[in-house]
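Me: I would like to learn how to read a structure like this one, feature by feature. Could you take me through it slowly?

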Amino acid sequence: MNIVIVGGGIAAANAARELRERGHTGSLTVLAAEDHVPYERPPLSKGVLLGNDEPDSAQVLPLEWYAEHDVSLRRGTPATGIDLDVGLVRFDGGELPFDRLLLTTGATSRHLADLDDTDLSIAYLRTLDESLDLKSRLSGEILLVGAGWIGLEVSAAARLAGANVTVVDPSAQPLLAVLGPELGAKFADLHRSHGVDLRLETTVESAAGTRVRLSDGHELTPDLVVVGVGAIADDALARDAGLATDHGVLVDASLRASDPRVFAAGDVAVHDHPVLGRRIRVEHWDTAIHQGRAAARAMLGDDAPYTRMPFFFSDQYDVGMEYVGSVGPDGYDEVVIRGDDLAAGLVAFWTKDGVVLAGMHANDWDATDHLRRLVGKPVPAGLGDSNIALGDLEPGQG
């Protein structure tokens, strides 16, 4: 059986490894658009950007692994088309037949054309090359557009590098869409306590030459503008081939696309999650890893649904956080917070209709496994009582 994986990131590498570990001995090719060996993206806004880690440390698997396991890794070879009628993937200079195809094409940074067309020095952060370039430019006056995860992590790295940082975001709090106002306010306090000029409910009103005017009237002349306003699923290849897409590749519970020979995993997959009961596209490291592995098993005939709950993490200054679950478009009834300060240690739960939708900890590294066991379950009595250990709140305890 010929298997082709399109994409060169975390999901692709983990799928290739899983296929070989599960006994697939047939042809296996990875078409990676970038020249780099498939790598993980979290270090790009963390250890690599801070200068604490070498670029090669982000590799999922060392280069020699691919040859040792008879995996044809074609770097710098983006796929240009898919022919579902005959089962071919095309690229410049050739084509590959497939019996099973896995799409791990990821996502691309959302650009702001109004800024790209100015004399400002603009940076985005999605690729290893962009991370290395940005690392060398974290000095002087930096304007961050967007107070999401990328914006805040770059903000922290820039402050630690000694830059003066201004962050603007139209929302009332950073991370508002993910964490809500209660936790967003705590991250706002964290960044302000480290000297960030955080301007919320504010946008870039205009830019002329190298000068920027904000909607609150403030003007600045930044040495660098870093834009972190989200990502767009790279589903053009799938869409042009006739696969079902909707801001990503639509896949069923087992990560199978509308053509039964095709699967998708990672940032590009819009997954029909059997536990959440809705479609969800997750742009995080953990999902890319585990969906890549699950898709590999599905291509080999294991149709077990992918049920793992979304998980992500972030490091900012002296605060590390991990989040499990998903609140979803219907929001939450209440957020229950155990603790007051991110750095000192805090745990939070989002609940709705008597169910724990999501949980987060900050600097409480013993909490993660407890969060996984509480999310998706009925809200236990005493959830907000910090005197009750999380383990005693888990189903079947107490």
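Me: At what angle do H6 and helix H7 pack, and how far apart are their axes?

Reply: Please keep in mind throughout that this is a predicted model. Helix H6 and helix H7 (residues 176-193) pack at an angle of about 10°, and their axes lie 12 Å apart. Because angles under 35 degrees count as roughly parallel, H6 is described as roughly parallel to H7. The contact is made by Trp-149, Leu-152, Ser-155 and Ala-156 on the H6 side, and by Val-178, Leu-179, Phe-187 and His-191 on the H7 side. The crossing of H6 past H7 is left-handed.

Me: How should I think about the spacing of contact residues along a helix?

Reply: An α-helix has 3.6 residues a turn, so residues three or four places apart point the same way. With that in mind, look again at H6, where Trp-149, Leu-152, Ser-155 and Ala-156 take part in the contact with H7.

Me: Is H6 largely enclosed or largely open, and why?

Reply: Nine of the 12 residues of H6 are buried, so the helix is largely enclosed by the rest of the structure. Those buried residues are Trp-149, Gly-151, Leu-152, Glu-153, Val-154, Ser-155, Ala-156, Ala-157 and Ala-158. As a check on its geometry, 12 residues at 1.5 Å a residue should span 16 Å, and the end C-alpha atoms of H6 are 17 Å apart, which agrees. After H6 comes Gly-162, with a positive phi near 95°.

Me: Which strands does H6 lie across?

Reply: Helix H6 (residues 149-160) lies across S10, strand S11 (164-169) and S16, and runs at about 165° to S11. These strands belong to an open sheet of five, in the order S9-S16-S10-S11-S12, with parallel pairing. At its edges are strand S9 (122-123) and strand S12 (197-200), each of which pairs on one side only. Within the sheet, strand S10 (residues 141-145) and strand S16 (residues 224-227) pair in the parallel sense over four bridges, and Ile-142 stands opposite Leu-224 in S16.

Me: What does Gly-146 contact, beyond its neighbours within four places in sequence?

Reply: Gly-146 lies in the loop between S10 and H6, and is buried, with a relative accessible area of 5%. Beyond those sequence neighbours, Gly-146 is in contact with Gly-151, Val-167, Val-168, Asp-169, Gly-228 and Val-229. Sequence separation and distance in space should be read as two separate things, for Gly-146 and Val-229 are 83 residues apart in sequence and 5.2 Å apart in space, C-alpha to C-alpha.

Me: In what order do the strands S3, S2, S1, S7 and S19 form a sheet?

Reply: Their order is S3-S2-S1-S7-S19, in an open sheet with parallel pairing. Strand S3 (72-74) and strand S19 (262-264) stand at the edges with a single partner strand each, so one side of each has no neighbour in the sheet. On average, neighbouring strands of this sheet are turned by 15° against each other, direction ignored. Between S7 and S19, which run parallel, there are three bridges, and Leu-101 stands opposite Val-262 in S19. Helix H9 lies across S1, S7 and S19, and runs at about 165° to S7.

Me: What do the buried residues of H1 pack against?

Reply: They pack against strand S1 (3-6), strand S2 (28-31), helix H3 (63-68), strand S7 (100-103) and helix H9 (285-299). In H1, 10 of the 12 residues are buried, so this helix is largely enclosed by the rest of the structure. The buried residues include Asn-14, Glu-18 and Arg-20.

Me: How should I read a positive phi?

Reply: Most residues other than glycine have a negative phi. Asp-70 has a positive phi near 55°, and is found in the loop between H3 and S3, where it counts as exposed at 59% relative accessibility. Leu-255 also has a positive phi, near 75°, but it counts as buried, at 0% relative accessibility. In the hairpin formed by S22 and S23, which has two residues between the strands, Tyr-317 in the turn has a positive phi of about 55°. These two strands run antiparallel and are joined by six bridges.

Technical notes:
Residues are numbered from 1 along each chain as its sequence is written. This is a predicted model: local features need pLDDT of at least 70, side-chain atom pairs count only at pLDDT 80 or more; totals for chains, interfaces and linings use all residues. Side-chain values use heavy atoms; hydrogens and water are left out. Two strands pair if DSSP finds at least two bridges between them. Contact means heavy atoms within 4.5 Å. Axes are lines fitted to C-alpha atoms, for helices over the stretch in contact, and angles run from 0 to 180 degrees between N-to-C directions. Buried means under 20% relative accessible area, exposed over 50%, partly exposed in between (1.4 Å probe, protein chains only). Angles under 35 degrees count as roughly parallel, over 145 as roughly antiparallel, 65 to 115 as roughly perpendicular and the rest as oblique. A crossing is left-handed if the near helix is turned anticlockwise from the far one by less than a right angle, and right-handed if clockwise. The expected span of a helix is 1.5 Å times one less than its number of residues.
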